[in-house]
Amino acid sequence: MASEVQLLFADLQESIVPLGRTRSESGVRAAARVLAQVADLLELPATVSIAPRPEGPDPIVELSGLRPVGGVQVRTGAGCLDHVGTRDALLSTGRPTVLICGVLTELVVQLTALDLIEAGMRVYVALDACAGLSDSTELAALRRIESAGGYVGCVPNLAADMVRDFTTPTGARVIGALHGLFSAA
């Protein structure tokens, strides 16, 4: 599965992550950090797409080790595919599966996931690296994604889907990265 996967970090920004209410800020940050580590270990292309903010582009520090495809993309709307740079970065990888995470689940994650599915991509949402406004509105967004054909999971199960054998050198490093989630809990 890993050879088909790319990651999309959407609006994981210093000024936006604290707005999420359905998951703790530290939990979202930890899950995003682990996803970034998994992307590096498995050599998965990653796109970082952010919203414009008065204080300028401010991706969370946990993503600082990433080398995003096409650089950090600053878009003007809620849907990542509506932005040419983000869309081009995602399509340039040739990988048909997008693992997406971000804040807010009801906005950028939902709209982008639905657009990706409509464009013929497989979509996985890493819920522990997302946060929404409320449990009920986030649940409605996730149901909409699932009913369109998307999959909602968590960082550990998505990593396990990509690395089936944790006794290999890469698998051992991925399981080591996942241990970062336990210390953040």
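Is Glu 4 buried, partly exposed or exposed? With a relative accessible area of 35%, Glu 4 counts as partly exposed, where buried means under 20% relative accessible area, exposed over 50% and partly exposed in between, computed with a 1.4 Å probe on protein chains only.

Before going further, note that this is a predicted model, in which local features need pLDDT of at least 70 and side-chain atom pairs count only at pLDDT 80 or more, while totals for chains, interfaces and linings use all residues. Residues are numbered from 1 along each chain as its sequence is written, and side-chain values use heavy atoms, with hydrogens and water left out.

**Stop 1: the sheet**

Select the strands, which, like the helices, are DSSP runs numbered from the N terminus (strands are E, at least two residues; helices are H or I, at least four). They form an open sheet of 6 strands in the order β3-β2-β1-β4-β5-β6, with parallel pairing, and two strands are taken to pair if DSSP finds at least two bridges between them. At the edges stand β3 and β6 (151–153), each with a single partner strand, so one side of each is left without a neighbour in the sheet.

**Stop 2: β5 and its two neighbours**

Select β5, which has 4 of its 5 residues buried, so it is largely enclosed by the rest of the structure. On one pairing, β4 and β5 run parallel and are joined by 4 bridges; here Leu 99 stands opposite Tyr 124 in β5, and Ile 100 stands opposite Val 125 in β5. On the other, β5 and β6 pair in the parallel sense over 3 bridges, with Val 125 opposite Val 152 in β6.

Follow the chain from β4 through α3 to β5, a β-α-β crossover that is right-handed, meaning that, with the strands pointing away from the viewer, the path from the first strand over the helix to the second runs clockwise. A right-handed β-α-β unit is also made by β5, α4 and β6.

**Stop 3: helix α3**

Select residues 105–118, helix α3, of which 10 of the 14 residues are buried, so the helix is largely enclosed by the rest of the structure. Among its buried residues are Val 108, Val 109, Leu 116 and Ile 117. The buried residues of α3 pack against β1, α2 (84–92), β4 (97–102), β5 and α4, contact meaning heavy atoms within 4.5 Å. After α3 comes Gly 120, with a positive phi near 95°.

**Stop 4: the nonpolar core**

Select Phe 9 and Leu 12, the residues with the most contacts inside the largest nonpolar core, which has 61 residues; such a core is a set of buried Ala, Val, Leu, Ile, Met, Phe, Trp, Tyr and Cys residues joined through side-chain atoms within 4.5 Å. Helix α1 (residues 25–42) gives the most to this core, with 10 residues. Not counting residues up to four places away in sequence, Leu 12 touches a set of residues including Val 28, Ile 60, Leu 63, Val 103 and Ala 129.

**Stop 5: salt bridges**

The whole structure holds 8 salt bridges, each a side-chain nitrogen of Lys or Arg within 4 Å of a carboxyl oxygen of Asp or Glu. Return to Glu 4, which forms one with Arg 122, the closest N and O atoms being 2.3 Å apart. Arg 122 lies in strand β5 (residues 122–126) and Glu 4 in the segment before β1 (5–10), so the pair ties together parts that are 118 residues apart in sequence.

Next, select Glu 138 and Arg 23, whose side chains meet in a salt bridge of 3.1 Å, N to O. Glu 138 belongs to helix α4 (residues 135–147) and Arg 23 to the loop between β1 and α1, so this pair ties together parts 115 residues apart in sequence. Glu 138 is buried at 4% relative accessibility, whereas Arg 23, at 24%, is partly exposed.

Finally, select Arg 29 and Glu 62, whose closest N and O atoms are 2.7 Å apart in their salt bridge. Arg 29 is buried, with a relative accessible area of 12%, and Glu 62 counts as buried at 18%. Both belong to a network of salt bridges that links Glu 14, Glu 25, Arg 29 and Glu 62.
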